Amino acid sequence: MGTLTRADLAEALHRQVGLARSDSARLVEQILGEMCEALSRGENVKISGFGTFVLRDKGERIGRNPKTGVEVPIAPRRVLTFRASQMMRDRIVSAS
């Protein structure tokens with residue numbers, strides 16, 4: 001099992017759509033850049049049939065150092081979560 005990379009996406013665009021390799025790579029970069037910009041502005045990103053990238057604010061909480069057992073406060077932070085669409089979940093289950 002491998003990992004899908006930007007280069008893999010660009011190559012798939014090149015093969016399936018017929019764009020030049022450089023244009024395919026530029027298009028992948030533009031799409032990912034636009035997604036990053038939207039997330040940095042605090043917007044969620046929804047890709048129909050794939051899933052939704054959601055920003056969540058987590059409050060401050062108390063954590064514990066597993067080595068020493070000492071309690072330490074964990075600062076509030078914003079985290080990125082991904083929720084797969086039902087269509088994506090069905091495809092993953094049927095591929096198993």
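Biologist: Where do Arg-15 and Glu-11 lie, and how many residues apart are they?

Modeller: Both residues belong to helix H1, four residues apart, which is about one turn of the helix. Please note that this is a predicted model.

Biologist: What makes the meeting of the Arg-15 and Glu-11 side chains a salt bridge?

Modeller: The rule asks for a side-chain nitrogen of Lys or Arg within 4 Å of a carboxyl oxygen of Asp or Glu. For Arg-15 and Glu-11 the N to O distance is 3.9 Å. The pair therefore meets the rule, since 3.9 Å falls within 4 Å.

Biologist: Which residue of helix H2 is linked with Glu-11, and how many residues apart are the two?

Modeller: Arg-21 forms a salt bridge with Glu-11, the closest N and O atoms being 3.1 Å apart. This pair links distant parts of the chain, with Arg-21 in helix H2 and Glu-11 in helix H1, 10 residues apart. Arg-21 is exposed because its relative accessibility is 52%, against a cut-off of over 50%.

Biologist: What joins Glu-11, Arg-15 and Arg-21 into one network?

Modeller: Shared partners in their salt bridges join these residues. Glu-11 pairs with Arg-15 and also with Arg-21. By the same rule, the count comes to seven salt bridges.

Biologist: How do you know that the span of helix H1 is close to the expected one?

Modeller: Helix H1 covers residues 6–17, 12 residues in number, and reaches 16 Å from its first C-alpha to its last. The expected span is 1.5 Å times one less than the number of residues, which gives 16 Å here. Just after H1, Gly-18 takes a positive phi of about 90 degrees.

Biologist: Why is Ser-24 called buried?

Modeller: Ser-24 has a relative accessible area of 0%, and buried means under 20%; it is therefore buried. Ser-24 is found in helix H2, residues 21–40. Beyond its neighbours within four places in sequence, Ser-24 is in contact with Ala-10, Leu-13, His-14 and Leu-19.

Biologist: With which residue does Arg-64 form a salt bridge, and what makes Arg-64 exposed?

Modeller: The partner of Arg-64 is Glu-71, the closest N and O atoms being 2.8 Å apart, within the 4 Å limit. Arg-64 is exposed because its relative accessibility is 54%, and the cut-off is over 50%. Arg-64 is found in strand S3, residues 61–64. Arg-64 and Glu-11 are 53 residues apart in sequence and 45 Å apart in space, C-alpha to C-alpha.

Biologist: What is Arg-64 in contact with, leaving aside its neighbours within four places in sequence?

Modeller: Gly-69, Val-70 and Glu-71 are in contact with Arg-64. The Arg-64 side chain reaches the backbone oxygen of Gly-69 at 3.5 Å.

Biologist: Why does Phe-82 count as partly exposed?

Modeller: Its relative accessibility is 39%, which lies between the 20% and 50% cut-offs; Phe-82 is therefore partly exposed. Phe-82 has its place in strand S5, residues 77–84. With Ile-47 and Phe-50, Phe-82 makes a nonpolar surface patch of about 240 Å².

Note on methods: Residues numbered from 1 in each chain as written. Predicted model: local features only at pLDDT ≥ 70, side-chain atom pairs only at ≥ 80, totals over all residues. Heavy atoms only, no water. Patch = residues over 30% accessible without salt bridge, like charges linked within 9 Å, V, L, I, M, F, W, Y side chains within 5 Å. Areas by Shrake-Rupley, 256 points an atom, 1.4 Å probe, with all protein chains shown as cover. Buried < 20%, exposed > 50% of the residue type's maximum accessible area, 1.4 Å probe, protein only. Contact = heavy atoms within 4.5 Å. Polar contact = N/O pair within 3.5 Å; in protein donor to acceptor, adjacent residues only side chain to side chain.
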